[in-house]
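Dear colleague,

Please read them alongside the coordinates.

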Amino acid sequence: MKKTAIRGLATVMILGAGWAFSAPALASEITGAGATFPYPIYAKWAEAYKAKTGISLNYQSIGSGGGIKQIKAKTVDFGASDMPLKPEVLEKDGLMQFPTVVGGVVPVINLHGLAAGTIRLNGTVLADIFLGKIRKWNDPAIAVLNKGVRLPASSITVVHRSDGSGTTFIFTNYLAKVSPEWKVKVGNDTSVAWPAGVGGKGNEGVASFVQRIQGSIGYVEYAYAKQNKIPYALMQNKDGVFVAPEANAFKAAAAGADWQHAPGFYEILTNEPGKASWPITGATFILMHKVQSKPATGKEVLSFFDWAYANGDEMALSLDYVPLPSSVTKIIANAWKIQIKDTGGKTIW
C-alpha cells in the first residue's frame, strides 16, 4: 500500500467528508466509519494520538447507518453509531458495543438579528414544526413561548438529515417521546419519512444548509453549532425548565444512566428528568466484532479508545462533549476482556 500521509486534523477532516483509501491499511493505521455526531472529538483525539504514538486513525464520517453497514461487512476495524444496537441485534451479528462520550443534539436556527438562545421551544412545538404543521415563525404556538421577542412573519424551512444518522435517531427518539402524533406518523429511526423540509448529508450538511437558508431550522450535534457559530434554541425540558445546550446540561441528562446493568451498554438518554437536563441528549457508541480475525489490529483499536478515556477528557470538554467517568470506563475495559477475543478464543485485551 502507498503510505497515507496523515497530518493531524486536516486529513481526518477529508475522511470526514466521506473520502476513503482503496488500498489496504498499514499496521500503523486503524480504520473506522460511521457517526458524524462524535466526528469533532474523534478528529481531535486522532490528531493527539498520532503525535503521541505515530498510529493514525482513518475515520470516515459517513453517518451511523453507514458505520453499522461497514462494520457488519468487516470493511473497517470499528463502526460508530449514535443509535445503540439492541442486545439481540449485537448477538445476531457477533458484535459488541461500548459508549465513548455523551453529547447533545440541538435545534439550530437562522433568523436575521436573533442570537443564540433567543428563541424558546418545547417538544410539542418542535415536533409540529418538523411535521410541517407550524409554517411561520410568528405562529401563535411559537409566540406564546417567546413573549417580548419580535418574531418575523417569514416561512420556516425545515432542514433534516438525508442519510442514515444516529443524530436523527436521537432527535426522532425525543420527538416520539413528547409528541404522540410524531410517534404514530413518523416514528423513531436513523432514517424516517420526513413530512417536510430539505435534506443535508451529515451534521456538516445540515449545518451548511441552515447557515445558507434564512428562516431555516435544523438539528445538529452541539459541537457543529458551536464551531460554526450557528444560533440555537433553548429547549424546555421534562421538568418544565428552559435550558441551554452545554456540557453540564448533557451531564445532568446522563446522570441516571446505569451502564453497569445495561445489557450491551444499551442506554437512551432523551427526555430525562432533572431541572438542569438537556432533553435531546445521547451517548455515541463504538461497534466491534467479538471475534477478531486480526487481533493485533483489534487490540490497537482498543488501545486508542483506552488512551482517549485516560487522556481525552479535556479535549472532549473543549467541544462540549461529556467524558465518561472512570467508574464507567473500567466497566467498559472489563467488557473488552470478556467479549473481544481472537479466533482461538483468547482475549486480546
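In which sense do strand E9 and E10 pair, and over how many bridges? Strand E9 (residues 234-236) and E10 pair in the antiparallel sense, over two bridges, where two strands are said to pair if DSSP finds at least two bridges between them, and where helices (H or I, at least four residues) and strands (E, at least two) are DSSP runs numbered from the N terminus.

Before going further, please note that this is a predicted model, in which local features need pLDDT of at least 70 and side-chain atom pairs count only at pLDDT 80 or more, while totals for chains, interfaces and linings use all residues. Residues are numbered from 1 along each chain as its sequence is written, and side-chain values use heavy atoms, with hydrogens and water left out.

The two strands belong to an open sheet of three strands with the order E5-E9-E10 and mixed pairing; its edge strands, each pairing on one side only, are strand E5 (120-121) and strand E10 (242-243).

Asn122 sits in the loop between E5 and helix H5 (123-130). Asn122 is buried because its relative accessible area is 16%, and buried means under 20%, exposed over 50% and partly exposed in between (1.4 Å probe, protein chains only). Leaving aside residues up to four places away in sequence, Asn122 touches Leu145, Tyr174, Met235 and Gln236, a contact being heavy atoms within 4.5 Å. The C-alpha atoms of Asn122 and Phe242 are separated by 8.3 Å, although the two are 120 residues apart along the chain.

Turning to the helices, helix H12 (residues 295-311) and helix H14 (residues 326-339) pack at an angle of about 170°, their axes 11 Å apart; axes are lines fitted to C-alpha atoms, for helices over the stretch in contact, and angles run from 0 to 180 degrees between N-to-C directions. H12 is therefore roughly antiparallel to H14, a label given to angles over 145 degrees. Leu302, Phe305, Asp306 and Tyr309 in H12 meet Thr329, Ile332 and Trp336 in H14.

Finally, two loop residues deserve a mention. Lys74, in the loop between helix H3 (64-72) and strand E3 (78-81), has a positive phi near 60° and, at 58% relative accessibility, counts as exposed. Asn271, in the loop between helix H11 (247-254) and strand E11 (281-289), has a positive phi near 55° but counts as buried, at 14% relative accessibility.

Definitions and conventions. Angles under 35 degrees count as roughly parallel, over 145 as roughly antiparallel, 65 to 115 as roughly perpendicular and the rest as oblique.
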